[in-house]
Amino acid sequence: MEQRIKPLAPVAMFVYNRLDNTRKTVECLLSNTLARDTDVYVFSDGGKDAASWAQVDEVRAYFHALQARVDAQHGFRSLTLVERPENIYLERNITEGIAQVLQGHDRIIVLEDDICTSPYYLQYMNEAFELYADTPRVMHVAGFTNLAADVPFYFTPHMSGWGWGTWRDRWQAHFRHYQSRDEALEGMTPADEDRMQYGGVFPCLRSLDKRPIPWDICWEIAIYKAGGLCLTPGHTMVRNIGLKNGTHFRAFDILQRYEFDRAPWPEPVRLAKTDRPAPTPRLEALFAEAIRDWGIRYTVLGKIVRFFYRKIVKKT
């Protein structure tokens, strides 16, 4: 039975220039059981050149039409569109948008423009927020999991950035958008770095060499440093439909496939309050295996290309 929880967490959606993915993401969200009672804030980044601006304008025109539809049919409780006048890139768009929404709300659900959700996704997120509002060690609620677990939910120090949420007090107390590797790893030992990277099979700290440093590795480190946990569903409640054309990730069918590219779980998650949340060693071991090579499984051609890339390109 659907549990009605009020006030519901708002959704902050971050979009750029992919109209098809954005439309699918919105339609899935509209199919959620709690969509009609949910406020949605859309943060539209600006274009980089004439071609991308034309695509951005198409995305914005879609949302202007959707606003009229929401007003007439009450698809969401409200829809607010924030149009960036210039391109500020994904990291600033997300971190500044989160800060803006959290000025008026004490929790937030974050979606990018390629995350399709289960019809019970909003119900799961809001129930999790209510159950663990007074458990500060639980810092993050994930919508995605690499596992098909035999439990309805579990806790892990690893955060997933595909359809996630958090509370204002946790975010404001711990998130820092690091500007350098040294700043990010301050206070951490080599053993800490090894644990964060699951013995090396999850080399997430390589992201610290990117500019700007991605927001998600900053949040991953913040959770680790605080001894925090992420509540994660036993089966994924979201699907990333943008793996082939994303800002941080691209895939090609002829070379590789993402092993955990699955449809969202079509049933509600059976959540419960855990007095002493903690990681489960068995599930942590399963995750370490699942995340090997980022969950990518290569075709024969992909293995050949990868071999020569490692031998030749990375040595130049």
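Arginine 77 and aspartate 39 form a salt bridge, with their closest N and O atoms 2.9 Å apart; the term stands for a side-chain nitrogen of Lys or Arg within 4 Å of a carboxyl oxygen of Asp or Glu. This pair links distant parts of the chain, 38 residues apart: aspartate 39 belongs to strand 2 (residues 39–44), and arginine 77 to the loop between helix 2 and strand 3 (78–83). Helices (H or I, at least four residues) and strands (E, at least two) are DSSP runs, numbered from the N terminus. Arginine 77 is exposed, with a relative accessible area of 53%, whereas aspartate 39 counts as buried at 12%. Here buried means under 20% relative accessible area, exposed means over 50%, and partly exposed is in between (1.4 Å probe, protein chains only).

The model is a predicted one, in which local features need pLDDT of at least 70 and side-chain atom pairs count only at pLDDT 80 or more, while totals for chains, interfaces and linings use all residues. Residues are numbered from 1 along each chain as its sequence is written, and side-chain values use heavy atoms, with hydrogens and water left out.

How many salt bridges does a search of the whole structure find? The search finds 15. One of them joins the side chains of glutamate 27 and arginine 69, at 3.2 Å from N to O. Glutamate 27 sits in helix 1 (residues 19–30) and arginine 69 in helix 2 (residues 50–73), so the pair links distant parts of the chain, 42 residues apart. Both partners are partly exposed: glutamate 27 has a relative accessibility of 31%, and arginine 69 has a relative accessible area of 34%.

Another salt bridge is formed within a helix. The side chains of arginine 195 and aspartate 192 meet at 2.7 Å, N to O. These two residues are 3 apart in helix 7 (residues 190–196), which means a separation of about one helical turn. Aspartate 192 is buried, with a relative accessible area of 14%. Elsewhere, Arg18, Asp113 and Asp114 are linked in a network of salt bridges.

Next come the covered elements. In strand 9 (residues 229–233), 5 of the 5 residues are buried, so the strand is largely enclosed by the rest of the structure. Both of its faces are covered, with Leu229, Leu231 and Pro233 buried on one side and Cys230 and Thr232 on the other. Strand 9 pairs with strand 6 (residues 138–141) in the parallel sense over 3 bridges; two strands count as paired if DSSP finds at least two bridges between them. Strand 7 runs antiparallel to strand 9 and is joined to it by 4 bridges. Cysteine 230 takes part in both pairings: it is the bridge partner of histidine 140 and also of threonine 156.

Serine 160 lies in the loop between strand 7 (153–156) and strand 8 (164–167). Is this serine buried or exposed? At 9% relative accessibility, serine 160 counts as buried. Leaving out residues up to four places away in sequence, serine 160 touches His140, Ala142 and Phe144, where contact means heavy atoms within 4.5 Å. A polar atom of its side chain lies 3.4 Å from the backbone nitrogen of tryptophan 162.

Helix 8 (residues 215–225) is mostly covered, with 8 of its 11 residues buried. Among them are Trp215, Trp219, Cys218 and Glu220. Glycine 227 follows helix 8 and has a positive phi, near 70°. Another glutamate under cover is glutamate 127, in helix 4 (residues 121–131); it is buried, with a relative accessible area of 10%. The C-alpha atoms of glutamate 127 and leucine 8 are separated by 9.4 Å, although the two residues are 119 apart along the chain.

Phenylalanine 308 is placed in helix 10 (residues 300–311) and is partly exposed, with a relative accessible area of 46%.

How values were computed. Polar contact = N/O pair within 3.5 Å; in protein donor to acceptor, adjacent residues only side chain to side chain.
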